[in-house]
Amino acid sequence: MAEEQEVLTAEEAAALLRVSTKTVLALARAGFLPGEKVGRAWRFVRSDVLDYVRGAGAPKGDESHGR
């Protein structure tokens with residue numbers, strides 16, 4: 001599996017972003033950070049997390065995010 005397509009847990013995504021797990025989960029629930037629930041746990045693709053840092057974090061379907 002390519003490193004960019006690596007699947008991360010919420011804890012791993014939080015460590016990559018250097019924020020709390022609660023922040024990652026809040027961003028995911030709001031649609032800012034792409035992720036999927038697998039059972040009761042969230043999973044994130046590493047490249048999506050890095051894209052968020054680069055400024056591609058608009059909620060799905062929201063073109064007027066005001067950044």
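1. Among contacts in the protein between residues at least 6 apart in sequence, 51% join residues at least 24 apart. This figure, like those below, refers to a predicted model.

2. The secondary structure consists of three helices and three strands, and along the sequence these follow the pattern β-α-α-β-β-α.

3. The three strands form an open sheet in the order E1-E3-E2, with antiparallel pairing. Strand E1 (7-9) and strand E2 (36-38) stand at the edges with a single partner strand each, so one side of each has no neighbour in the sheet. From one strand to the next, the twist averages 45 degrees.

4. The pairing of E2 with strand E3 (residues 41-45) is antiparallel and extends over three bridges. Within E3, Arg43 stands opposite Glu36.

5. Helix H3 (residues 46-53) lies across E1 and E3 and runs at about 75 degrees to E3.

6. How many aromatic pairs does the count come to? The count comes to one. This pair is formed by Trp42 and Phe44, and it is stacked, with 6.1 Å centre to centre and 15 degrees between the planes. The label "stacked" applies because planes under 30 degrees apart count as such. Trp42 and Phe44 are both buried.

7. As to the protein overall, 31% of its 67 residues count as buried. The accessible surface comes to about 4,600 Å², and 50% of this belongs to carbon and sulfur atoms.

Conventions
Residues numbered from 1 in each chain as written. Predicted model: local features only at pLDDT ≥ 70, side-chain atom pairs only at ≥ 80, totals over all residues. Heavy atoms only, no water. Pairing = 2+ DSSP bridges. Helix = DSSP H or I, 4+ residues; strand = E, 2+ residues; numbered from the N terminus. Axes fitted to C-alpha atoms, helices over the stretch in contact; angles between N-to-C directions. Contact = heavy atoms within 4.5 Å. Phe/Tyr/Trp six-rings, centres within 6.5 Å; stacked < 30°, edge-to-face > 60°. Buried < 20%, exposed > 50% of the residue type's maximum accessible area, 1.4 Å probe, protein only. Areas by Shrake-Rupley, 256 points an atom, 1.4 Å probe, with all protein chains shown as cover.
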